[in-house]
Amino acid sequence: MVLYHFHATYNALLHFKRTPSVTSFASSGCDRHSSPKTESWKNGVNCCYWDGVTCDKLTGHVIGLDLSCSGLSGTLDSNNSLFLLSHVQRLNLAFNNFSHSSISSKFGQLTSLAYLNLSYSSFAGLIPDIFGDLHRLTYLDLSSNKFYGQIPSSIFNLAKISHLRISSNRLVGSLPDEVSGLSVPAIIDLSDNLLNGTLPSWLFAKPSLLSLNLSSNQLTGELPEFQSKSLEYINLQKNQIHGAIPSSIFELVNITYIDFSYNNLNGSLELDMFSNLRKLKVLEVSRNGLSMKIDSHGNVTWPRLLSLGLSSCNVTTFPAFLRTQNDLRHLNLSHNRIPGEVPSWLWIMGRHSLQNLDLAHNLLTAVKPLPMDSLFFLDLYNNSIRGSLPIPPQSTKYFYISNNYLTGEVPSSICQITSLQILDLSNNSFSGTIPRCLLNFTTQLSVLNLRMNRFHGVIPDTFVRGISLRSLDMNGNQLEGPLPQSLINCKMLAVIDLGNNKITDTFPTWLGALQDLQVLFLRSNRLHGHIGDPQSRVSFPRLRMLDISHNAFTGPLPSRHFGNFKAMMNVGEENTGLRYMESPFYQDSMVVTMKGLEVRLVRVLTIFTALDFSNNTFQGEIPQLLGNLKSLRVLNLSRNSLSGSIPSSIANMSVLESLDLSSNKLAGEIPRQLTGMTSLSFINLSYNMLEGPIPQGNQFNTFSNNSYVGNLGLCGDPLSRKCGSDEAPQLPESFFQEEDDSEIGFNLKASLIGYGCGIIIGLSTGYLVFETGKPWWLVNRVEEKWGNKLKRIIQRHQRRKNP
């Protein structure tokens, strides 16, 4: 009988090996040295010696199968021979690609299972209610797949379950009000789903529950009282929980990690109450409605913290107890009301440990950093810091000091911080010329933001080969001279914004060789002349946003360039999804003119596309070829000398939302095909020489007189002049104002979101800022990365304590 079972198992494994294919990409996220375990499964070799296979020494039954990171790719159906392994106790299929397979009901027949790991393996669908019969199950991990629907309540009734992880899926519904399982020390992680409802009281009453992670869901209600003192880890960040933090939390004598950030908690708390939690390592309560009372004397002894987050907690002073927190690695005191100078003891305290310091959005007036060993993130954004630029510690990678009152020249000593990857000096009052070394002091620099200062002179032509620069923003200075030709060395550039300067040059066709360039803003300079032909057939292949408005360009529109703008052709959200232009720790922002409004986008969708050639002296006809840019969202050709008729090919721009052709010399009728542009929510054809009836239907029924004013030959709704009438058209009195002052009533500064926003423009402008303020996505990004690191630290500590 034993021999029979051995051969049956042997054959089942060999058959399983042939079922899924093996590809390296299927195990993304694994160690690069990992290799498919099934490669060692050879005929004629005892299967108990195969990689990933564990057998019972007495019976020879296969009791363990670890095929994690094995490059498996393909479906896992119910007839798979894997389900013939009736004695298997440990089954690990993590980090493979099972092509959106659902969980087969056959898993429920493997009643010997104690350990089941299906994480990161592209399973999908509903989680079936099959786990109730797996009475021996102690470990279940279904995280990072594509499951949806509700979590079967039977999972919570497993008596021996000690590790339950179903994070990073699309699960919905509420948690059960009562459970009968979880009778052994347990860890629950249901984070990053869409769970809703209130927090059931059993979560805070189970004496067996050690770790609870429900972060990044949609949970509501208040925090129940902590009836059990067993909790060591609790993470409820990024939910919608409201009310006060119950005082019973101060009785959790074993707690090491508390994260309640990004909720709606309120009330006033004595910060020193948390000092009674002697094992506490992480305290994160940022971004609530809490008001923390701080002891300015520091007479209370605190445990040695690794992380403290008190952002938006109405803090008015640096907590004095921090003087002795020599192990602190992460400190977030941003969005408070802390005035004055950053105390020198803070730099001394964190000299050997502090890695992340966020003091943004306070009332700080001075900062004098001292040498530190490990600080890599320093954010002093939006304070009242005056004087010259403070030089950050040598270890700094990300340095933000924008929106302050810094003056003088940028010292060349900043170039000694060769680890810098992001340098944001925007919105200050720096003057002088840009240091030559700033453009070549390190190949690691990814973002250089000098926006809205008072720099003058020529941009140094010192960009070197091999630099990692992705975003360059020098908008709003007094820079002059030509564009630096060495920009061509920055092969990774995606964003160039040199708008609102005094740059004198012709259009830089040579920048078309930058294959990753997506945004090119040269508006409001002294650029001039005809736009030359592309230098190759693959010029500007990824360009999505081009703004050369308010210059002195002449000649015809650059038709041949339009034929190269591949990223503006046939690229819709169905292919790319709703993703934003961003990189770790930084988000590009820019000012664009659309729908007659000048708005600041602080988060830009990758499918947002725009052409702005307005306020130049372009002549000739609008080329029919322009209609090939079918993915264009915003088109502005206003205030030029364009003639001829409006090409009917514009109707091919099926997702166009904003069209401005005003103040040109366009003649003829408005093409009726334009009524088929159902995404169009703004049109301005005013001040041309158009004639004939205004087309009716769809979006055209929503446009007002302002869209057509100044065309004496037009008739029909919404104009008062009826077609076939000889009555002279009457223009609104407001439109006889000085053109330069009114900009025909359309060039308004954005003061509200809307104006008929379409879906894409709406999503982009949903992050408009009208006063200086750092978007919270960035704070989330930093804290998420740091939180993951802290979690690993805590878990290593727990493993050492409980081997």
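## Strands around the largest cavity

Three strands each supply at least two residues of the lining of the largest cavity: strand 39 (545–547), strand 43 (590–594) and strand 45 (610–612). The largest share comes from strand 45, with three residues. The model described here is predicted.

## Lining and volume

The residues that line the largest cavity are Phe521, Leu546, Asp547, Val592, Thr593, Ala610, Leu611, Asp612 and Val634. Sorted by class, six of these lining residues are nonpolar, one is polar and two are charged. Thr593 is the polar member of the lining, while Asp547 and Asp612 are the charged ones.

The volume of this cavity is about 60 Å³. In total, six cavities of 30 Å³ or more are present in the structure. Rolling a probe the size of a water molecule over the atoms shows where empty space is left.

## Secondary structure and contacts

The strands named above belong to a protein with 54 strands and seven helices. Contacts can also be described by separation along the sequence. Of the contacts between residues at least 6 apart in sequence, 55% join residues at least 24 apart.

The protein comprises 803 residues, of which 58% are buried; a residue counts as buried when its relative accessible area is under 20%.

Technical notes. Residues are numbered from 1 along each chain as its sequence is written. This is a predicted model: local features need pLDDT of at least 70, side-chain atom pairs count only at pLDDT 80 or more; totals for chains, interfaces and linings use all residues. Side-chain values use heavy atoms; hydrogens and water are left out. Helices (H or I, at least four residues) and strands (E, at least two) are DSSP runs, numbered from the N terminus. Buried means under 20% relative accessible area, exposed over 50%, partly exposed in between (1.4 Å probe, protein chains only). Contact means heavy atoms within 4.5 Å. On a 1 Å grid over the protein atoms alone, a cavity is a set of points where a 1.4 Å probe fits but cannot get out, and a pocket is an open set with protein on both sides within 12 Å along at least five of seven lines; lining residues have an atom within 4 Å of a point. Grid points are joined across faces, edges and corners, and a volume is the space filled by probe spheres set on the points.
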